[in-house]
Amino acid sequence: MRQKWSPTHLFRNPSVPHPKSETCILPFSRLYCLRTAWHCEKQVQSISAVMFTHHITTATLVAMVLLPAVAMENCPSAGTPGLPGIPGIPGRDGRDGEKGEKGEPGLPLKPGLVAQKGQKGEHGPPGPPGKIGRSGAKGVQGFPGLEGLMGDKGMVGVHKLELQSAFSVTRRTKAHPIPRSPVRFTNVITNLNNHYNVDTGKFVCHIPGTYYFVYHASSEASLCVSLVRDGQNLASFCDHVTSNLNQVSSGGLTVNLNKDQAVWLETNDHKGMIGVDGKQSVFSGFLLYPY
């Protein structure tokens with residue numbers, strides 16, 4: 001027959017054993033004891049001894065023992081607690097909450113305090129283009145490109161006519177020229193672009209370059225002819241007549257001319273030049289190559 005067990009058994013003689021099948025619940029630790037009644041008594045005696053050493057009264061101990069015993073008068077046998085179950089799968093994240101209202105402005109920063117850096121904001125709209133910067137340093141010259149295709153043939157220009165200069169003029173008179181003055185040749189054979197002036201007897205350069213000038217003069221007396229450039233005597237040619245026979249003399253010179261420089265022929269006191277049929281005097285010049 002099963003015996004009832006009351007809290008008064010905690011203070012009975014330890015030599016009297018409790019029923020082997022009974023267990024007790026200790027109110028101090030709230031742990032279920034799966035032991036025999038004898039073991040439970042041993043635990044109570046140990047706890048009682050500790051409390052008595054701290055001057056706790058018997059009435060206090062009895063009250064602490066009897067309070068939980070009212071709820072459970074009997075200590076029935078209980079099975080062994082099972083193992084904890086496997087944790088379940090974490091649930092899904094909840095939805096984001098609605099955006100909160102804008103907070104009130106914060107207090108101004110006190111002197112000496114360092115402001116904390118806030119979170120990075122969103123990109124703002126692009127600003128207007130800035131001013132053009134200074135040009136950089138000149139780069140290294142690149143390699144030559146490939147040769148291009150030949151273009152179409154252009155229209156005929158006037159360069160050939162513009163770069164031509166030549167004249168040939170003769171003197172048709174038996175009168176001798178004036179010494180130390182330009183000899184006038186009034187009869188024009190050739191005068192491209194009218195670079196020779198028959199009124200002054202001077203050739204005026206319009207195309208800078210190298211020219212060749214030559215003369216052939218018939219004379220009935222001694223004759224000295226000089227080639228002059230802008231008043232500078234470049235060369236002189238003389239032929240002295242010792243008989244009544246007519247003479248022919250000639251001379252030529254290559255001259256470099258700049259634009260607007262003039263060239264002409266002069267005589268000195270030996271001025272026996274004539275110009276009649278069969279006895280002509282000729283002055284010629286032409287451009288060899290321009291600058």
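This is a short tour of the structure, one selection at a time.

**Before you start**

You are looking at a predicted model, in which local features need pLDDT of at least 70, side-chain atom pairs count only at pLDDT 80 or more, and totals for chains, interfaces and linings use all residues. Residues are numbered from 1 along each chain as its sequence is written, and side-chain values use heavy atoms, with hydrogens and water left out.

**Stop 1: the whole chain**

Show the chain as a cartoon and follow it from the N terminus: the elements run α-α-α-β-β-β-β-β-β-β-β-β. That makes 3 helices and 9 strands. Helices (H or I, at least four residues) and strands (E, at least two) are DSSP runs, numbered from the N terminus.

Of the 291 residues, 26% are buried; buried means under 20% relative accessible area, exposed over 50%, and partly exposed in between, with a 1.4 Å probe and protein chains only.

**Stop 2: the largest nonpolar core**

Select Phe185, Tyr211, Phe213, Leu257, Leu265 and Phe283. Of the 22 residues in the largest nonpolar core, these touch the most other members. Such a core is a set of buried Ala, Val, Leu, Ile, Met, Phe, Trp, Tyr and Cys residues joined through side-chain atoms within 4.5 Å. Which strands each supply at least two residues of this core? They are β1 (166–171), β5 (209–229), β7 (247–257), β8 (262–274) and β9 (281–290). β5 gives the most, with 7 residues. In soluble globular proteins, nonpolar side chains tend to be buried together.

Zoom in on Leu257. Leaving aside residues up to four places away in sequence, Leu257 touches Phe203, Cys205, Pro208, Gly209, Tyr211, Phe213, Arg229, Val263 and Tyr291.

Step across to Val263, in strand β8. Is Val263 buried or exposed? Val263 counts as buried, at 0% relative accessibility. With the sequence neighbors up to four places away again left out, its contacts include Gly201, Lys202, Phe203 and Leu227.

**Stop 3: a salt bridge**

Select Arg180 and Asp269. Their side chains meet in a salt bridge, 3.0 Å from N to O. The rule asks for a side-chain nitrogen of Lys or Arg within 4 Å of a carboxyl oxygen of Asp or Glu, and the count comes to 1. Arg180 sits in the loop between β1 and β2 (187–191) and Asp269 in strand β8, so the pair links parts of the chain 89 residues apart. Both residues are exposed.

**Stop 4: two positive phi angles**

Go to Asn193, in the loop between β2 and β3 (196–197). Asn193 is not a glycine, yet has a positive phi of about 65°. Asn193 is partly exposed, with a relative accessible area of 36%.

Then pick Asp260, in the loop between β7 and β8. Phi is near 75° here, again positive in a residue other than glycine. Asp260 is exposed, with a relative accessible area of 53%.

**Last stop: the second largest pocket**

Finish by selecting Arg171, Arg172, Thr173, His176, Pro177, Ile178, Ser181, Pro182, Val183, Arg184 and Thr186, which line the second largest pocket. A pocket is an open set of points on a 1 Å grid over the protein atoms alone, where a 1.4 Å probe fits, with protein on both sides within 12 Å along at least five of seven lines; lining residues have an atom within 4 Å of a point.

Note on methods. Contact means heavy atoms within 4.5 Å.
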